[in-house]
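Please read it alongside the sequence and the 3D view.

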Amino acid sequence: MLLNPNHLFPRRSATCGVPIPVRVCHSQGCAGVPGPQGPTGPQGSTGAQGPAGAAGTPGAQGPAGAAGMPGAMGPQGAAGATGATGATGATGPAFLGNNLVYVTSSGNDMLYVIDGETDTVLTTIPVDLSPRGVAYNPHTQKIYVVGVTNSTLTIIDSVTNAVLKTLPVGPLPLLVAVNPSTNLIYVPSALLDNVTIVDGITDTVIGTSATGLTPGGVAVDPVLNQVYISNGPSANSLTIKNGITNATVATLAIGNDPGYVAVNPFTNLAYVPNRASGSLSVINGKTNTVLTTVPLGGSQPFGAGVNPKTNTVYVSHSGSNELTVLRGSNQTIIGVIPVGAAPRGVAVNPTTNKVYVANNGDASVSVIDGASNTLLTTIPVGEFPQDVAVNP
């Protein structure tokens with residue numbers, strides 16, 4: 001079949017050169033002229049999502065938010081290993097307590113305070129007139145001094161050396177004793193034939209209790225809670241009182257003109273020198289009987305003291321200026337030591353094993369080494385020293 005050239009090349013308008021549509025003829029016939037464009041069909045369904053684009057550049061970091069609440073505390077971790085023990089420090093000096101000695105001087109109305117380590121006077125404390133007996137309570141750290149002239153008991157703080165109080169007691173008080181277990185203080189009155197009892201807590205007189213005639217010496221066994229009071233030449237006896245009821249539990253006949261009393265609380269024995277008899281009465285506190293009477297070689301045995309640790313007894317002789325030493329286990333004399341003139345009160349520091357003797361005739365205190373029974377030194381004090389007590 002021959003093709004019409006007009007079928008291959010469209011004709012152009014003679015005026016503007018715009019192609020003029022031509023009919024295309026096929027074997028079936030010629031195609032008609034294309035009709036106008038129909039309306040847009042409905043939108044098709046969305047196609048599948050394309051792949052994600054590349055990540056953009058990170059934006060700037062925003063400000064920090066507020067802090068949250070603290071979380072619960074976790075369980076405690078296991079203890080670490082113990083570190084190595086450090087080196088031992090140097091050993092300190094041995095503790096000797098206060099180690100003080102108190103001596104009354106009736107010549108100048110003073111209480112002398114002595115350093116028991118150096119055996120020198122540290123200070124003096126003014127007290128009431130004619131001080132005689134002195135005692136110390138280690139539990140309350142109080143010192144008690146009897147004033148004979150005004151019949152008083154001066155109470156002193158041993159820490160500050162200040163006078164706390166002065167109490168009236170019975171007339172003609174001579175000596176004083178303390179029961180550290182009950183904190184009661186006992187002061188015999190030689191004119192009223194009784195003993196004044198003072199409460200160591202309130203520092204007040206709480207009563208009196210009858211004794212024998214002209215009582216003077218007094219001592220306490222804190223273990224048995226018994227009080228021993230020597231009655232002078234008018235009675236020549238020892239009154240023993242129950243420390244709880246203040247009742248007299250026994251009255252024992254002893255030597256003539258008994259003086260001071262000393263007690264060993266470890267053995268429950270009491271010792272009473274008898275001036276006119278030249279002897280020492282030994283009392284069994286458990287049976288309240290006279291255990292024995294020891295003849296003493298010296299003249300006018302006056303004061304007595306005991307070292308309970310060594311069970312040694314010391315008796316001063318005011319007529320022969322010496323100190324007799326006895327073994328407490330069998331009441332035998334083991335030594336005689338020369339001391340000052342007219343010795344009276346005796347006290348022992350069981351910690352240092354030193355013995356102190358107040359020498360009334362030469363204003364001094366003799367210091368004895370209890371281990372060797374030798375005189376260590378003599379300390380000058382005021383006139384007419386009467387009694388001595390130890391603050392160990």
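## An open four-stranded sheet

Four strands form an open sheet in the order E18-E19-E20-E21, with antiparallel pairing. Strands are DSSP runs of E with at least two residues, numbered from the N terminus. Two strands pair if DSSP finds at least two bridges between them. E18 and strand E21 (289-295) are the edge strands, each pairing on one side only. On average, neighbouring strands of this sheet are turned by 25° against each other, direction ignored. The axes behind that angle are lines fitted to C-alpha atoms, with angles running from 0 to 180 degrees between N-to-C directions.

E18 and strand E19 (residues 269-274) run antiparallel and are joined by three bridges. Ala262 has Tyr271 in E19 as its bridge partner.

## Basis of the model

This is a predicted model: local features need pLDDT of at least 70, side-chain atom pairs count only at pLDDT 80 or more, and totals for chains, interfaces and linings use all residues. Residues are numbered from 1 along each chain as its sequence is written, and side-chain values use heavy atoms, without hydrogens and water.

## Aromatic pairs

The whole structure holds two aromatic pairs. Rings of Phe, Tyr and Trp (its six-membered ring) pair if their centres lie within 6.5 Å; planes under 30 degrees apart count as stacked, over 60 as edge-to-face and the rest as tilted. Tyr102 and Tyr136 have ring centres 6.0 Å apart and planes at 35°, so this pair is tilted. Tyr102 lies in strand E3 (residues 100-105) and Tyr136 in strand E6 (residues 131-137), so the pair ties together parts that are 34 residues apart in sequence.

Tyr260 and Phe302 are buried. The charged end of Arg275 sits over the Phe302 ring, 4.6 Å from its centre. For Arg, that term needs CZ within 6 Å of the ring centre and within 35 degrees of the ring normal.

Six of the seven residues of strand E26 (residues 343-349) are buried. Five bridges join E26 to strand E27 (residues 354-359), and the two run antiparallel. Pro343 has Asn359 in E27 as its bridge partner. The hairpin of E26 and E27 has four residues between the strands, and Asn353 takes a positive phi near 60° there.

Notes:
Buried < 20%, exposed > 50% of the residue type's maximum accessible area, 1.4 Å probe, protein only.
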